[in-house]
Amino acid sequence: MGCMLSALAQTYPTKPLRIVVPFGAGGVADLTARTVAQKMSEGLGQSVVIDNRPGAGGIVAAEMVAKAEPDGYTLLLMSNANAVSAGLFKALPFDPVKDFTPVSLMGTFDLAIVTSAESRFQTLPELLSWAKANPGKLNIGSINIGSTQHLTAELFKSVAGLDAQVVPFNGTPAVMTALRGGQIDVAVEVLSPVLPQIKGGALRALAVTGQKRNAALPQVPTAKEGGVPNLVSTSWNGLGVPAKTPQAVVERLNKEVNAALQTPAVRQKLLELNVEPHPSTVPQAQEWLQTEIKRWGDVIQRAGIQKQ
């Protein structure tokens, strides 16, 4: 078996590769995968096709890859959902750690705390002082339970010491409608889909949740600068393969992902999507996943979110 795997690594790849993406076509994660895959295919000398399998919070796609042949031809677009699922679900048809080998990170993207242009809140400190003076009155909107947006809203509430409600909606359009209609005071959302409305003046960004200010909105402070030092949250994408994939194949894939991410054209395209390119080694990707699983597991526990 060892000899066969070693021979596979030397001749790899001899056929097209597939990246299973747990989201629909056209979103930031899908476009990130397509941008990187196109460049990887040049380095690998084989086409890299995208297979969109949305559904069940990423479980459909992850199960498909966990059960695939560990030969380096079926990859998973990994995201926060992989880290969150470990703490959110009572039972999964795979083990989020043991059944995958993370290959590399690809990119991180910031979230923003936004309010409508008509809101009374001009800054994050104003929001914090009003919420503290009016316990139980603040409503923070996000998309569905267990999403990065939802857990970041819970993290915000927890680290800022707010007595507030986090209200989940089914998708970004519903959150934005509730925000404009005044059913919620503020929303936590990935920056990319709300950026045009912020730039157009329909929404006001009170803060971004990354380590540093976002290049697309340099005038908007980080949550740390706005008075919530422990609110740092970024969404992310990476690539993983089934566990037991030969190490030489994992290293070859890592090399091609990183080469793609360092290409000026790929970097430019990702920055236009508001994704910060984030190359990594294999051990860094593995450590990242384990840290994220622990971090979001703690948030889920603290927020008292029922396991699904």
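Which residues does Ser116 touch, not counting residues up to four places away in sequence?

## Around Ser116 and Leu203

In this predicted model, Ser116 touches Leu179, Ala202, Leu203 and Arg204, once residues up to four places away in sequence are left out of the count. Ser116 is found in strand β4, and because its relative accessibility is 8%, under the 20% cut-off, Ser116 counts as buried.

One of the residues that Ser116 touches, Leu203, lies in strand β8, which covers residues 203-208. Leu203 counts as buried too, since its relative accessibility is 4%. Not counting residues up to four places away in sequence, Leu203 touches Val114, Thr115, Ser116, Ala117, Met176, Leu179, Val194, Gln197 and Ile198. Although Leu203 and Thr115 are 88 residues apart along the chain, their C-alpha atoms are separated by 5.8 Å.

## Strands β5 and β6

Strand β5 (residues 138-143) pairs with strand β6 (residues 164-169) in the parallel sense, over 6 bridges, and Ser142 stands opposite Pro168 in β6. Together with helix α6 (residues 148-159), these strands make a right-handed β-α-β unit.

## Helix α11

The buried residues of α11 are Val282, Ala285, Leu289, Glu292, Ile293, Trp296, Val299 and Ile300. These residues cover an arc of only 140 degrees around the axis, and so they lie on the same side of α11.

On the other side of α11, Pro283, Glu287, Lys294, Gln301 and Arg302 are exposed. The buried residues of the helix pack against several elements, namely β3 (74-79), α4 (80-88), β4 (100-116), α6, β9 (234-242) and α9 (247-261). After α11 comes Gly304, whose phi is positive, near 65 degrees.

In soluble globular proteins, nonpolar side chains tend to be buried together. Here the largest nonpolar core has 80 residues, and those with the most contacts inside it are Leu124, Leu138, Phe156 and Leu253. Apart from this core lies another, of 19 residues, among them Val175, Ile184, Leu195 and Ala216.

Leu138 shows what such contacts look like in detail: not counting residues up to four places away in sequence, Leu138 touches Phe121, Leu127, Trp130, Ala131, Leu162, Ala164, Gln165, Asp185 and Val186.

How values were computed: Residues are numbered from 1 along each chain as its sequence is written. This is a predicted model: local features need pLDDT of at least 70, side-chain atom pairs count only at pLDDT 80 or more; totals for chains, interfaces and linings use all residues. Side-chain values use heavy atoms; hydrogens and water are left out. Two strands pair if DSSP finds at least two bridges between them. Helices (H or I, at least four residues) and strands (E, at least two) are DSSP runs, numbered from the N terminus. A crossover is right-handed if, with the strands pointing away from the viewer, the path from the first strand over the helix to the second runs clockwise. Buried means under 20% relative accessible area, exposed over 50%, partly exposed in between (1.4 Å probe, protein chains only). The arc is that of the directions from the helix axis to the C-beta atoms. Contact means heavy atoms within 4.5 Å. A nonpolar core is a set of buried Ala, Val, Leu, Ile, Met, Phe, Trp, Tyr and Cys residues joined through side-chain atoms within 4.5 Å.
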